[in-house]
Amino acid sequence: MACEFVEPEISGALLASFEQLAERARQQDGAAPFSEQTFVELRKAAQGADVPLRLVEARQGGQVVGYAALVHESDTWVLEATVAPRARNRGIGSALFEAALDVAGTEPLRAWVHGGSNESTPAILAAQHLARKLGWEPTRELYKLGLALTDERRAGVRTAAADYPLPAGLTLATYTPDQAEAWVQVNAQAFAHHPEQGRLTLDDLAARTDSGWFRPEGFFLALEKDGQLAGFHWTKIPTGQGERPEGEVYAVGIAPTWQGRGLGKALTLAGMAYLADASDESGAPLERIVLYVDADNTAAVALYRSLGFAPLTIDRQYAPAHP
């Protein structure tokens, strides 16, 4: 049966269809096929905002069977795509990718493949096959690390946090809206070379703090005596996780003047101690703490491994190989 590819009008109904298909793919693959920023941009577009997003919808037999999303970052399109589990192994994924390439045109393009735990997972094998076919190569790896919250580990996290306080001259507070502009500034400085985190705006911050998962008591700030923001640890406890809820070290950022002084480790432990005692929206204790870190950020990887985190999955970004 022939498959058609269209750029649909983005609406509330389209957003619901996209989220439902993405959730089915997540349940099948054990990893979300689209990044949080893609969902943020799509929700803005559904509300009528002009956002740097293009969407391709795959339809077969009158049914939606896949989506490809392109988000513009600086001068590059970043592509993510998925096919409904029931429609896989029919060549739809490759055709959807080709349709997305046509949308991107001649502009630079990169593509994410999310969630492969090793070289033998279906996502990685399919990505490698398509990459070889197109002459693409992996250019970036993002690790997902995890820490199981056993009773012993919870106690250990609490003790470590107590034994490693913030540097002298700093106090620990939690986020309030009057800190929004200061947070955006410090976040941009701390992640100046990060292609996603460092470009977050006030609108991006608002989109996240307006989300159902947001908990201000889990958004920690290190403040100087004059109220200046020295660093932050934003934790996240997603909603609707089911039987094995987990919390996330969502983002840890340190102002340049405080980098290399132990603040990152102190803030990381403070947030971990909060997550060790936290519950999901149903009141169930969290079973694991997770985080995402770039593979080439060796200092951060070493810190998290020293705190007990172990690899769970690998996300890979691909780009056309240079001649």
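Author: Let's start with a term: a cavity is a set of grid points where a 1.4 Å probe fits but cannot get out, and its lining residues have an atom within 4 Å of a point. Keep in mind that this is a predicted model.

Reader: Which residues line the largest cavity?

Author: You'll find Trp213, Phe214, Arg215 and Gly218 there, along with Thr235, Lys236, Ile237 and Tyr274. Sorted by class, that lining has four nonpolar, two polar and two charged residues.

Reader: Now helices. At what angle do the axes of H5 and H8 cross?

Author: Roughly 145°, with the axes coming within 8 Å. H5 covers residues 151-163 and H8 covers residues 263-276. As for handedness, the crossing of H5 and H8 is left-handed.

Reader: And which residues in H5 meet which in H8?

Author: From H5 come Arg154, Val157, Ala160 and Ala161; from H8 come Leu269, Ala270, Met272, Ala273 and Ala276. The class count for this contact is eight nonpolar, no polar and one charged.

Reader: Last one, the strands. In what sense does E6 pair with E12, and over how many bridges?

Author: Antiparallel, over ten bridges, with E6 at residues 136-148 and E12 at residues 310-320. To find your place in that pairing, look for Leu142, which stands opposite Asp315 in E12. E6 also pairs with E11 (residues 288-294), in the antiparallel sense over seven bridges. There, Tyr143 stands opposite Val293 in E11.

How values were computed. Residues are numbered from 1 along each chain as its sequence is written. This is a predicted model: local features need pLDDT of at least 70, side-chain atom pairs count only at pLDDT 80 or more; totals for chains, interfaces and linings use all residues. Side-chain values use heavy atoms; hydrogens and water are left out. Axes are lines fitted to C-alpha atoms, for helices over the stretch in contact, and angles run from 0 to 180 degrees between N-to-C directions. Helices (H or I, at least four residues) and strands (E, at least two) are DSSP runs, numbered from the N terminus. A crossing is left-handed if the near helix is turned anticlockwise from the far one by less than a right angle, and right-handed if clockwise. Contact means heavy atoms within 4.5 Å. Ala, Val, Leu, Ile, Met, Phe, Trp, Tyr, Cys and Pro count as nonpolar, Asp, Glu, Lys and Arg as charged, and the others, Gly among them, as polar. Two strands pair if DSSP finds at least two bridges between them. On a 1 Å grid over the protein atoms alone, a cavity is a set of points where a 1.4 Å probe fits but cannot get out, and a pocket is an open set with protein on both sides within 12 Å along at least five of seven lines; lining residues have an atom within 4 Å of a point.
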